[in-house]
Amino acid sequence: MGYASRVLFVFFFLNILSRTYLLTNGKAKEKLKHLYWNTTNEIFLISNTDHIIDVNTGSTQNQYDQINIICPVYSTFTQENETEKFVIYNVNKEEYETCRIIRPNPRIIAYCTSPYKERIFTLSFRSFSPMPNSLEFHPGRSYYFISTSSENELQRRNGGFCMENNMKVIFNIADTREPVRTYQLEHRSGSRINIVEDGVEDTKYLAKKHGLEKLSASNNQLPQVASSANGSIANINTAVKVILSFFIISVMTIA
């Protein structure tokens, strides 16, 4: 194995290790009601909003919901031309609203193409995944799923069941990140700066810490990028990376 190949192997290995570590520190909270992906499911009726699904509500930062997408299955006595087949795509908002897939390489979530076999696809609504290029669900965002297949054209990218049967859903991911508070501080010179502190309520302590005289707290709750829990996990994860890097590099050097 050449030097470049060994370096690539090390980075790939560390990436998988760190993601797996994060995954094992997460916990599935519960499974949502099954999503039966067929035209007779009332969730797809245009007269209701059942296709808009809120997930991870009431979860902590290390918990996540799951849902099973269940493809239609038929007895062997059913003629194949009487079965329903779908390709389910993850799309952007514009594609969702127009039932038209614009991107040349859309992300495929599921193939419901074997009508005589039970096919179940489980979605885990977590913000990280141990597998590269897999779909990750970030707090505070919405994710759109549609099927533009038709009775006669499985790979159709426009209209299809999405337009005719409203076969589309939205998953709204709850924002489980803890809020932070923004403080405005005034220096002796009169200049003002903004300080963001996580979970600090003592304004006198902040003023002393930053060498400032006056301080006023704004109550706008801004979502923080990473929680303290995630931060501690990230620190441990970084330490693991460093230790393993030294170990693997030593092995590579000896080799």
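**Ground rules**

I number residues from 1 along each chain as its sequence is written, and side-chain values use heavy atoms, with hydrogens and water left out. Since this is a predicted model, local features need pLDDT of at least 70 and side-chain atom pairs count only at pLDDT 80 or more, while totals for chains, interfaces and linings use all residues.

**Confidence**

I started with pLDDT, the predictor's confidence in each residue, from 0 to 100. The protein's mean is 75, and 57% of its residues reach 70 or more. Residues 16–25 have pLDDT below 50, and beyond near neighbours in sequence I find 21 contacts for this stretch in the model. Contact here means heavy atoms within 4.5 Å. Residues 217–237 also have pLDDT below 50, with 36 contacts beyond near neighbours in sequence.

**Overall tally**

I noted five helices and twelve strands. These are DSSP runs, numbered from the N terminus: helices are H or I with at least four residues, strands are E with at least two. Of the 255 residues, 36% count as buried. For burial I use relative accessible area: buried is under 20%, exposed is over 50%, and partly exposed is in between (1.4 Å probe, protein chains only). Among contacts with a separation of 6 or more, 70% come from residues 24 or more positions apart. The protein exposes about 15,500 Å², and carbon and sulfur atoms supply 53% of that. Those areas come from the Shrake-Rupley method with a 1.4 Å probe; for residues, only the protein chains shown count as cover.

**Disulfides**

How many disulfides are there? I get two, taking a disulfide as a pair of cysteine sulfur atoms within 2.5 Å. Counting bonded cysteines along the chain, the pattern is 1-3, 2-4.

I looked up Cys71 and Cys112, whose sulfur atoms are 2.0 Å apart. The S-S torsion is about -65 degrees, so this disulfide is left-handed. The link spans distant parts of the chain, 41 residues apart: Cys71 is in the loop between strand S4 (63–70) and strand S5 (86–91), and Cys112 is in strand S6 (residues 107–112). Cys71 and Cys112 are both buried.

Then I turned to Cys99 and Cys162, joined at an S to S distance of 2.1 Å. This link is left-handed too, with -70 degrees about the S-S bond. Again distant parts of the chain are linked, here 63 residues apart: Cys99 is in the loop between helix H2 (93–98) and S6, and Cys162 is in helix H3 (residues 160–164). Both cysteines are buried, with Cys99 at 1% relative accessibility.

**Positive phi**

While on Cys99, I checked its backbone: phi is near 55 degrees, a positive value in a residue other than glycine. Asn166 gave me a phi near 55 degrees as well, and it is not a glycine either. Asn166 lies in the loop between H3 and strand S9 (168–173), and its relative accessible area of 11% makes it buried.

**Aromatic pairs**

How many aromatic pairs does the rule give? I count seven. Rings of Phe, Tyr and Trp (its six-membered ring) pair if their centres lie within 6.5 Å; planes under 30 degrees apart are stacked, over 60 edge-to-face, and the rest tilted.

Tyr96 and Tyr144 have ring centres 5.1 Å apart and planes at 50 degrees, so I log the pair as tilted. Tyr96 lies in helix H2 and Tyr144 in strand S8 (residues 142–146), so the pair ties together parts 48 residues apart in sequence. Both tyrosines are buried.

Phe125 and Phe137 have ring centres 4.8 Å apart and planes at 65 degrees, so this pair is edge-to-face. Phe125 lies in the loop between strand S7 (120–124) and S8, and Phe137 in the loop between S7 and S8, so the pair ties together parts that are twelve residues apart in sequence. Phe125 is buried at 1% relative accessibility, and Phe137 is buried with a relative accessible area of 3%. I also noted that Phe125 and Phe137 form one aromatic cluster with Tyr143, Phe145 and Phe171.

**Charge over a ring**

Which charged end sits over the ring of Tyr96? I found that of Lys168, 4.7 Å from the ring centre. The rule asks for NZ of Lys or CZ of Arg within 6 Å of the ring centre and within 35 degrees of the ring normal.
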